[in-house]
Amino acid sequence: MGIHDEDVARVREATDIVAVIGEYVQLKRVGRRWQGLCPFHAEKTPSFSVNAEMGVYHCFGCKASGDAITFLREVEHADFPEAVERLAGRSGIALRYTAPGEGADRQKRGKLTEALEQAVEWYHQRLLTASDAGLARRYLRERGYDGDVVRQYKMGWAPDEWDALAVDLGVGTDKGMPAPVFSDAGLGFRNKGGRIQDSFRARVLFPIFDPSGKPVGFGGRVLPGEEGPKYKNSVDNAVYRKSRVLYGLNWAKQDIVNSAEVIVCEGYTDVIGFAQAGIARAVATCGTALTEDHVRVLRRFAPRIVLAFDADSAGQTAAERFSQWEHAFELEVAVADLPPGADPGDLAQSDPERLVAAVEGAVDFMDFRISRVLGDADLSTVKGQVRAGERASRLVAEHPNPEIRDKYLVDIADRCSVSADHLRGVVRNARRRGPKSASRPAAEEAPHPAAAGYDRGGDRGGYSVYEGNGADGSSDSPPPNNVERQVLWLAAHEPGAVWSEIVPEMIHHPLYRGLFEALLEYPDLDTLLAEAEPRLSALMRELLVYEDEELRSSAHRQEVVIAILMYESARRELAYLERKARTGSADDDLLRRVATLKTAMDKLRESDWQADQARALLELLRPSA
Ligand SMILES: [Zn+2]
């Protein structure tokens, strides 16, 4: 069900991606690509790049990437057919749909949105004017919400009747709203007696909007003293998914982008409280814990998340998830310094200045966790100090950056009066055992001897491909100063430079090896971009929009890159053989192979990375060898 694949392909081909993106972002030509400030995250120096020939974009800052269709979807919050239709309109392509009456899905969603709009308005008017809403109005006034606040957030009142909304909207009647639309929008349901009933009854309603301001659902609160769960939310449907929806994002997005920070809290009244205290960048999850989907949405708007709920009560699993997200999304997570047990909504009423201070005094998430561990510990004995220091250090071991790890360690050592060297040992052990050790980039542990020749990255100790934009890989990808990445860049831009004898096994990092395999597997780049696993096509787009003039134009550098790949591959093979030899299974063949490899590696290094020596090494490494 959808638009014909061929038509989508035609639209992609006919679309000038630079012109499309140029309507939103000022793009400047830099060499072969186009560059500008990323529309998906706040930045002052451009890290957003477009490759016009391949029709793809990639941001080295927030990792947003895709083609013209993805771009429209993200920037306009459009769905796939909508985006394709708009692009088809630009290039005058008539679309064919795979089923008659197509666009049905989208039409349906449009109807649900309309139904929700009507309901929002109906409930809102009911709160403002109906006599049965008196208690609700009083409750809201007591919370400090005057008429302006009620109107701004479009709050509503669901009367204490079982089908007031359904009756007023004429659900199921000839001229009214069709019953399936009413129930699919989450507004009501057919009860056991076969009659249509409202979903919300005797509750103050907080309508929830998507980032573009379309209503998607409601959160309903009972009045104090009434029965039933305090909050009830819309159930998941075609327009409302609680794992993704964030209350308040439609109002807060501008401030979030401007301040490069988003505050995440747990309740509708917290969001409103923050805004009343002058902080307009808060959003709330709707009856669920923060999910990865939420984080993915928020990351498009800001690189820093301040948690404004009891992060402790969220538990250890949550803490680990936050840490992973920090790495995976290059996010900064901080914890607001709320007084114990306080909720932001109440604090906004009783002491708004304290709420502002809580955000300003937010501490970095790792610091928060370390302080928790040390706070719980008995630091009055040497034994207690050592134990606390070790526990805190194991938290630090989760952090991928060695320099930052060391900064924390020195601090912990100081606070526990334990030697920093001892704690460094703890971290080393924890990282060796850690579950993520398998995917940890090799470059971090063993800088390559040849690196010196290309070392422009300063303290990185490697040949830096990415100068200037400060971008680093996500947790899934190794650091950018990586020869394997350069080989893949060559495969994308200068495929002739990559010898056909090179096999995926010669590439160490799983992500890079995966892309190399995909390059061999798919007939061309377009197919790869369209069909490969998302992480592989994303990496491909990243490589496509990256320009390395020097590598492109210097045959010598290309040879050196290939030579170093051979050397690295040989080094791993050698390590494997030596391990085997040590465990006693050494036979003459194995020892001979070790010697041959060593000699060839030495020759390659002494030749200053000559191609013929690299080829000699390649011959030794080929699977048949
Ligand atoms: Zn970006």
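This is a predicted model: local features need pLDDT of at least 70, side-chain atom pairs count only at pLDDT 80 or more; totals for chains, interfaces and linings use all residues.
Val30 and Arg33 sit where two strands meet. Strand S1, residues 28–30, runs antiparallel to S2, and 3 bridges join them. The two strands make a hairpin with 2 residues between them. In that turn, Gly31 has a positive phi of about 60°.

S2 has another neighbour, S3. Here again the strands run antiparallel, with 3 bridges between S2 and S3. If you want a pair to look for on the screen, find Gly36, which stands opposite Phe48 in S3.

Which residues coordinate the zinc ion? They are Cys38, through SG, His41, through ND1, Cys59, through SG, and Cys62, through SG. The distances run from 2.1 to 2.3 Å. Along the chain, the donors follow the spacing C-x2-H-x17-C-x2-C. His41 lies in the loop between strand S2, residues 33–36, and strand S3, residues 48–51, while Cys59 is in strand S4, residues 56–59, so this pair ties together parts that are 18 residues apart in sequence.

What is the geometry of the site? The site of the zinc ion is tetrahedral, with angles of 102 to 116° among its 4 donor atoms. For reference, the ideal angle for four tetrahedral donors is 109.5 degrees.

His41 has 9% relative accessibility, so His41 counts as buried. Cys59 is at 0%, and therefore counts as buried as well.

Let me step back to the whole chain. The protein chain has 625 residues, and 50% of them count as buried. Its secondary structure comes to 28 helices and 17 strands. Take the contacts between residues at least 6 apart in sequence: 63% of them join residues at least 24 apart. The accessible surface is about 29600 Å², and carbon and sulfur atoms account for 48% of that.

A word on confidence. The average pLDDT of the protein chain is 84, and 89% of the residues score at least 70. One stretch to treat separately is residues 435–479, where pLDDT stays under 50. The model has 90 contacts beyond four places in sequence for that stretch.

S12 and S14 pair in the antiparallel sense over 2 bridges. Leu246 stands opposite Thr285 in S14, and Tyr247 stands opposite Ala284 in S14. Strand S13, residues 262–265, is joined to S14 by 3 bridges, and those two run parallel. Cys265 also stands opposite Ala284. Which way do the residues of S14 point? Ala282 and Ala284 point one way, Val283 and Thr285 the other way, and all are buried.

Finally, a few loop residues. Ser417 has a positive phi of about 55° although it is not a glycine. Ser417 lies in the loop between helix H18, residues 402–416, and helix H19, residues 420–433. With 57% relative accessibility, Ser417 counts as exposed.

Asp608 is another non-glycine residue with a positive phi, of about 60°. The loop that holds Asp608 runs between helix H27, residues 588–606, and helix H28, residues 611–621. Trp609 is placed in the loop between H27 and H28 too. At 8% relative accessibility, Trp609 counts as buried. The C-alpha atoms of Trp609 and His556 are separated by 9.4 Å, and these residues are 53 residues apart along the chain.

That is the end of the tour.

Conventions. Residues are numbered from 1 along each chain as its sequence is written. Side-chain values use heavy atoms; hydrogens and water are left out. Donors are N, O and S atoms within 2.8 Å of the metal (3.2 Å for Na, K and Ca); water is not among the atoms, so sites may look incomplete. Four donors count as tetrahedral if all angles lie between 85 and 135 degrees; four count as square planar and six as octahedral if opposite donors are over 155 degrees apart and all others between 65 and 115; anything else is irregular. Helices (H or I, at least four residues) and strands (E, at least two) are DSSP runs, numbered from the N terminus. Buried means under 20% relative accessible area, exposed over 50%, partly exposed in between (1.4 Å probe, protein chains only). Contact means heavy atoms within 4.5 Å. Accessible areas come from the Shrake-Rupley method with a 1.4 Å probe; for residues, only the protein chains shown count as cover. pLDDT is the predictor's confidence in each residue, from 0 to 100. Two strands pair if DSSP finds at least two bridges between them.
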